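Dear colleague,

Please find the structure we discussed below. I would be grateful if you would look through it alongside the notes that come after it.

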Amino acid sequence: MAASDGSGMTRRDFLRVSAMAGGGLLAACNFAPESEPVQAPPTPGPGPVGDAWQANAFVRIAPDNRITIIVGSAEIGQGTSTVVPMMVAEELDADWSQVSWEQSPTARDYANPRNFSQLTAGSATVRGVYLPQRRAGAAIREMLVKAAASLWGVSEDRLRTQASRVIDDAGGRSASYGELAGAAAQLRAPRNPVLKNPADFRIIGQSKRRLDGAQKSDGSTVFGSDLHIPGMLIALIARPAPSGRLGSGADTPESWNREAAMAVPGVEDVFVVDAGVVVVAQDFWAAKQGRDRLAVQWQRSSRPHVSSDEQRQRYTEKLDRLGAVLHRKGSGAQLQRRGNTVISADYHFPYLAHAPMEPLNVVIDYAPGRCEIWTGTQWPDGDRGVAARVLGMQAAQIRFNTLPSGGSFGRRACSAHDFVDEAAQVAKVLQKPVKVMWTREDDIRGGYYRPSASSRLSATLDSQGLPSSWAQRMVAQSLIGNAVIDELGSLAGTETNSAQGATDLPYAIPNQRVDVHSSYDPVTVLWMRSVSSSFNVYAREAFLDELAQAAGQDPLQYRRRLLQGTPRLLAVLDAAASAAGWGSAPAGHHQGIAVFQAYGSCIAQVVEASVGADRVLKIHRVTSAVDCGTAINPDLVAAQIESAAVFALSSVLFGEITLEDGEPQQGNFHDYPILRMHQTPRIDTVFVNSGGEPGGVGELGVPAVGPALANAIFGALGERIRELPMKKHLRID
């Protein structure tokens, strides 16, 4: 892939070039304001049609009838590059075998209506673009029908569409969309295209093969790690520990051995940026050897450098004091002060690293007045803005290319845009094409981490053994800001990120209270797949099992009694129990169950496990029942749920970043392992779709797996796992 000249392309230029190159129809529907210039703005064809069009989709129809859907969301393995085109193709009545996809440029036209940016996170893609993408496809279909009716001199009413063709049954003729594209491009897009009745769907709801599958299978997909542009150098950065680089007053390099690094053949330069000491070389190995020889001595800031043991003690002490109350129902936890028997348990969760398979990397080609960037990212417009600030440019002057990512789990949606920020700083000094690479150790030692957390749950039971009151108190770092925001947010009760999965308790418990301590710890933290639900739901669902045990009731039936008012959760609970054969596990096997609801979707999961001699844990099966409304592509939904189960098991079994005086103690997959093939259980997914608009599924499958496993382990051992990871308590087979 060659670098562009970075000169940019106007909207009009793009229209003209597209028309000349394709001779087909390039249609766009957007509602973004025109005031902000964008990169390669692709809005030819009918142009903006007003606010009624909540769409940012693009469809290119070539003369040979090939249809290309341009996708604004990032492809990070979740299947966006297939699901989004399915929505458009459905309403377009496209021949799916002729549909392909392209990654969009970075432009406001492609902002997701849910977050007003190109941020791909929070299971927002499908939920945000479902109707806009369908409207875009429906509008273009109507234009093609109108064009055919005009050419044939017939009423539009007597025409129908099928497999990318407009058909006149009465006249015995048809034309392909490619043949009609030129005429359709002269028409205005309708403001209110008619959408299909879901009963007529023939693409949505089908398990279509991934559009990016062949390229990923044959290795032709270009990830950032693969990308090379002419004259490109490689840069590695020696950075301070995560707890030494937060905000002002961060650790700074006091001394380093520049001569030793420069002595490595291939090393071309050594200099300092905000992120640390940069070694630039002709290839990765030279850059790494050069960095290894730097021997950087850091001038440590005055801020405390976190140690995990000290933090754990501090968090535990905070559990004894009331935090900011974020949720209250009934009399809160007052019943717990009236002489009722209180059942209580503390849970503790460590920092976690995202550890995507492809470490971070950014290619940047900068010279004064022009810049082009390539990287796998979940937030291209935010990244571009940060690069523009660093380079003193307008965002529109930067051509920003979003590449497929080899995993992310939230790491490439960093609100600090750290990896692009530092790459821009390197490029500003170097003014040559450069790829700034992170090694696996950089990725795992470098944060940004899912926060560590502690949680205390307490409850009282009524005469039927059901909880009459419920209280959850947690301590965790805020994901949204610095120390000031942490403290103010906590006091004001507005920092709700830490309470995800706690304040939306689905169970019919009359008296509830949730309070939070947003602790300030100088460690860079970031959301991770399922955010705070990953630990809050573990505590909630494991503790509910403790209540069921205290009441002498079956955990499944206990949940059923408490979920009578939430029919969707009750349905997936029953479906998961049925599919897993609840209560009929093989001898020596034990089952645990848990539920979770968020992003417009519901899930129940059953884990079947055994614990053998020497406390060896073996996980045999994970069964999930999912209600995500309409499943656009059931196979991709199942893949998301299955990958989530593997992700969750990796986290709860092994995941732990420990800090000693601010230094992470783990660095690669040998001491920060993920689930291996032979440890991966059978995973089954069943659907209980309730119809309607689709819910999110990218994070849905993570939170309930851990507590379901913990509940199964209790069945085997009679022990509660209240501190993660589980490797502290059991051997993992």
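Predicted model: local features only at pLDDT ≥ 70, side-chain atom pairs only at ≥ 80, totals over all residues.

Residues are numbered from 1 along each chain as its sequence is written, and side-chain values use heavy atoms, with hydrogens and water left out.

The protein chain contains 17 helices and 28 strands; these are DSSP runs numbered from the N terminus (helices H or I, at least four residues; strands E, at least two). Of its 733 residues, 60% are buried, where buried means under 20% relative accessible area, exposed over 50% and partly exposed in between (1.4 Å probe, protein chains only). Among contacts between residues at least 6 apart in sequence, 77% join residues at least 24 apart, a contact being heavy atoms within 4.5 Å.

Helix α3 (residues 125–152) packs against helix α4 (residues 177–184) at an angle of about 85°, and their axes are 9 Å apart. The axes are lines fitted to C-alpha atoms, for helices over the stretch in contact, and angles run from 0 to 180 degrees between N-to-C directions. The two helices, α3 and α4, are therefore roughly perpendicular to each other (angles under 35 degrees count as roughly parallel, over 145 as roughly antiparallel, 65 to 115 as roughly perpendicular and the rest as oblique). On the α3 side, the residues in contact include Arg-141, Met-143 and Leu-144; on the α4 side, they include Tyr-177 and Leu-180. The residues of this contact between α3 and α4 comprise 10 nonpolar, no polar and one charged (Ala, Val, Leu, Ile, Met, Phe, Trp, Tyr, Cys and Pro count as nonpolar, Asp, Glu, Lys and Arg as charged, and the others, Gly among them, as polar).

Asp-545 belongs to helix α13 (residues 533–551) and is buried, at 5% relative accessibility. Its side chain makes a polar contact of 2.8 Å with the side chain of Arg-559; such a contact is a pair of N or O atoms within 3.5 Å, and within protein one must be able to donate a hydrogen and the other to accept it, while residues adjacent in sequence count only if both atoms are side-chain atoms.

Thr-460, in strand β19 (residues 453–461), is buried with a relative accessible area of 0%. The side chains of Thr-460 and Ser-469 are joined by a polar contact of 2.6 Å.

Asn-192, by contrast, counts as exposed at 61% relative accessibility.

Yours sincerely
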